[in-house]
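This briefing covers charged side chains, aromatic rings and a few individual positions. Please read it alongside the sequence and the structure shown below.

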Amino acid sequence: MIRRYNPRMYTPQAGIFALGTSSHAYLEFDALDATKHDEFAAKLAAIHEPRTTTGGVNFVIGFRPELWRKLTPGDIPTDVKGFNAPINGIEGFAMPATQHDAVVWLSGSAYDVLFDMARDVIRDLDGLAKLADETASWPYRHVRDLTGFIDGSENPSLLDAPAAALIPEGTPGAAGSILLLQKWVHKSAEWEALPVERQEKIMGRLKLDSTEIEDKPEDSHVARTDQDDFGKVFRRNMPYGGVQDHGTMFVGFTCEQQRLAKMLDSMAGLVNGTRDALTRFTTPLTGSYYFVPSVESLRRLRPDEAAS
């Protein structure tokens, strides 16, 4: 059957699926004045790629779910909410809630272009929002994170990723996505002191090629985050930091927030009383959920579109 283009269909933000970029910057903002949320959102919606021949920039713009619901009622699933309270797990483990009002994630092939664009975004929001958190990140050994293991082994292919990441057509927030953004700092010295075999049991995968261990421990990272149990998500994790202070930016997109929320609960030991062993070697520093609206929904926030 031939599917013809439907002009009423919504379009996801392209940066969600823009793989292969070598430089990233995450800018999280807090609005300064609740009476100017419309102006704040309009400035974010007006962001566009720079005109340059030295390398393009992809961007993803997301909003605190409660803020987006206020701006555009009915254009977000009713059950989506911000990371408004910490997750208090077993054995004193906790994931902090550091929810902000908006995020702009920039990615591209050259950090100098990202640097200039990030400064432009911050300048454009001057007087409307403050930069609450800024993180730069980069790939490590092509597909590995700073534990030395391959990251994203269960990620769906680009062909299947939209089904996992995007809210379906005909439902509130169509072509939008729910983004979980967390910064995890690694206890690198403790991790690297472990024998490889112990690392593999903690991960639930072999270090060389990421083959899943058949009889993996119940507290392994794979067992505690099994997407066959919780549902598929599309991950765009990246390493961040310097030589002495570094870790992973968890960047996860999903069409259903509960997939990510239940996964975090499982890691914290709140599902079956078993805590993810990897959380003994990495600590969450931040936690925010953002709604990433469709291109059409963003465009409607622009003053020129609203006036037409």
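A salt bridge here is a side-chain nitrogen of Lys or Arg within 4 Å of a carboxyl oxygen of Asp or Glu. Glu212 and Arg205 form such a bridge, with their closest N and O atoms 3.8 Å apart. The model is predicted. In the whole structure, 12 salt bridges are found, and there are nine aromatic pairs.

**Salt bridges**

- Through shared partners, salt bridges join Glu154, Arg205, Glu212 and Lys216 into one network.
- Arg64 and Glu66 meet in a salt bridge with an N to O distance of 4.0 Å. Arg64 is buried, with a relative accessible area of 19%, and Glu66 is partly exposed at 27%.
- Arg280 and Glu91 form a salt bridge at 2.7 Å, N to O. This pair links distant parts of the chain, 189 residues apart: Arg280 is in the loop between α9 and β11, and Glu91 is in the loop between β3 and β4 (94-95).
- Arg280 is partly exposed at 36% relative accessible area, while Glu91 is exposed at 53%.

**Arg275 and its surroundings**

- Arg275 sits in the loop between α9 (257-267) and β11 (282-284). Its relative accessible area is 12%, so Arg275 counts as buried.
- The side chain of Arg275 makes a polar contact of 3.3 Å with the side chain of Glu91 and another of 2.8 Å with that of Thr279.
- Beyond neighbours within four places in sequence, the contacts of Arg275 include Ile90, Phe93, Asp219, Arg224 and Arg280.

- Asp75 lies in the loop between α2 (65-71) and β3 (87-88).
- Which side chain of opposite charge is nearest to Asp75? That side chain is Arg300, 4.4 Å away.
- A polar atom of the Asp75 side chain lies 3.5 Å from the backbone nitrogen of Gly173.
- Not counting residues up to four places away in sequence, Asp75 touches Trp68, Pro172, Gly173, Phe291, Ser297 and Arg300.

**Aromatic rings**

- Phe63 and Trp68 have ring centres 5.0 Å apart and planes at 35 degrees, so this pair is tilted. Phe63 is buried at 0% relative accessible area, and Trp68 is buried, also with a value of 0%.
- Trp68 also forms a tilted pair with Phe291, at 6.1 Å centre to centre and 40 degrees between the planes. Trp68 belongs to helix α2 and Phe291 to strand β12 (residues 288-292), so the pair ties together parts that are 223 residues apart in sequence.
- Phe291 is buried, with a relative accessibility of 1%. Trp68 and Phe291 are both among the residues that Asp75 touches.
- One aromatic cluster is made up of Tyr26, Trp105 and Phe253.
- Lys183 lies over the face of Tyr240, 5.5 Å from the ring centre.

**Ala110**

- Ala110 is in the loop between β5 (102-108) and α3 (111-124), and is buried at 18% relative accessibility.
- Ala110 and His24 are 86 residues apart along the chain, and their C-alpha atoms are separated by 9.0 Å.

Conventions:
Residues numbered from 1 in each chain as written. Predicted model: local features only at pLDDT ≥ 70, side-chain atom pairs only at ≥ 80, totals over all residues. Heavy atoms only, no water. Helix = DSSP H or I, 4+ residues; strand = E, 2+ residues; numbered from the N terminus. Buried < 20%, exposed > 50% of the residue type's maximum accessible area, 1.4 Å probe, protein only. Lys, Arg positive; Asp, Glu negative; His and termini not counted. Polar contact = N/O pair within 3.5 Å; in protein donor to acceptor, adjacent residues only side chain to side chain. Contact = heavy atoms within 4.5 Å. Phe/Tyr/Trp six-rings, centres within 6.5 Å; stacked < 30°, edge-to-face > 60°. Lys NZ or Arg CZ within 6 Å of the ring centre and 35° of its normal.
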